[in-house]
Amino acid sequence: MEVELMRVPYFPEAPSLAVINEIKYYMVLSVLKKMLADGVITSENYKGSTVAIAEKYRVSRYDI
């Protein structure tokens with residue numbers, strides 16, 4: 001069974017919008033995970049936030 005992955009060309013001198021959005025999403029996700037670990041937000045807030053951020057940056061959620 002072959003898995004088809006999203007193929008986005010990567011050019012370090014001019015990264016595509018998809019690559020930039022993935023990076024932004026991962027940065028926000030890291031902050032949310034830290035907030036969850038520190039008890040600043042609840043797991044419900046974390047889950048809702050990851051959905052909203054994934055929709056904003058048009059990426060797939062990492063923690064489904």
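Tutor: Helices (H or I, at least four residues) and strands (E, at least two) are runs assigned by DSSP and numbered from the N terminus. This is a predicted model: local features need pLDDT of at least 70, side-chain atom pairs count only at pLDDT 80 or more, and totals for chains, interfaces and linings use all residues. Residues are numbered from 1 along each chain as its sequence is written, and side-chain values use heavy atoms, with hydrogens and water left out.

Student: How many helices and strands are there in the protein?

Tutor: The protein has two helices and zero strands.

Student: At what angle do helix 1 and helix 2 pack?

Tutor: Helix 1 (residues 17-37) and helix 2 (residues 43-57) pack at about 170 degrees, and their axes are 10 Å apart. Axes are lines fitted to C-alpha atoms, for helices over the stretch in contact, and angles run from 0 to 180 degrees between N-to-C directions.

Student: Roughly parallel or roughly antiparallel, then?

Tutor: Helix 1 and helix 2 are therefore roughly antiparallel to each other. Angles under 35 degrees count as roughly parallel, over 145 as roughly antiparallel, 65 to 115 as roughly perpendicular and the rest as oblique.

Student: Which residues make the contact?

Tutor: From helix 1 they include Asn-21, Val-28 and Leu-36, and from helix 2 they include Ser-43, Thr-50 and Tyr-57. Contact means heavy atoms within 4.5 Å. The residues of this contact divide into nine nonpolar, four polar and two charged. Here Ala, Val, Leu, Ile, Met, Phe, Trp, Tyr, Cys and Pro count as nonpolar, Asp, Glu, Lys and Arg as charged, and the others, Gly among them, as polar.

Student: Switching to Thr-50: buried or exposed?

Tutor: Thr-50 lies in helix 2 and is buried, at a relative accessible area of 0%. Buried means under 20% relative accessible area, exposed over 50%, and partly exposed in between (1.4 Å probe, protein chains only). Thr-50 and Val-28 are 22 residues apart in sequence, and 8.7 Å apart in space from C-alpha to C-alpha.

Student: And what is Asn-21 in contact with?

Tutor: Leaving aside neighbours within four places in sequence, Asn-21 is in contact with Tyr-57 and Val-59. Asn-21 is in helix 1 and counts as buried, at 14% relative accessibility.

Student: Which residues make up the largest nonpolar core?

Tutor: It has nine residues in all, among them Tyr-25, Leu-32, Ile-41, Tyr-46 and Val-59. A nonpolar core is a set of buried Ala, Val, Leu, Ile, Met, Phe, Trp, Tyr and Cys residues joined through side-chain atoms within 4.5 Å. Helix 2 gives the most to this core, with four residues.

Student: How much of the protein counts as buried?

Tutor: Of its 64 residues, 19% count as buried.

Student: What about Arg-58, buried or exposed?

Tutor: Arg-58 counts as exposed, at 79% relative accessibility, and is found in the segment after helix 2. Arg-58 also has a positive phi of about 55 degrees, although it is not a glycine.
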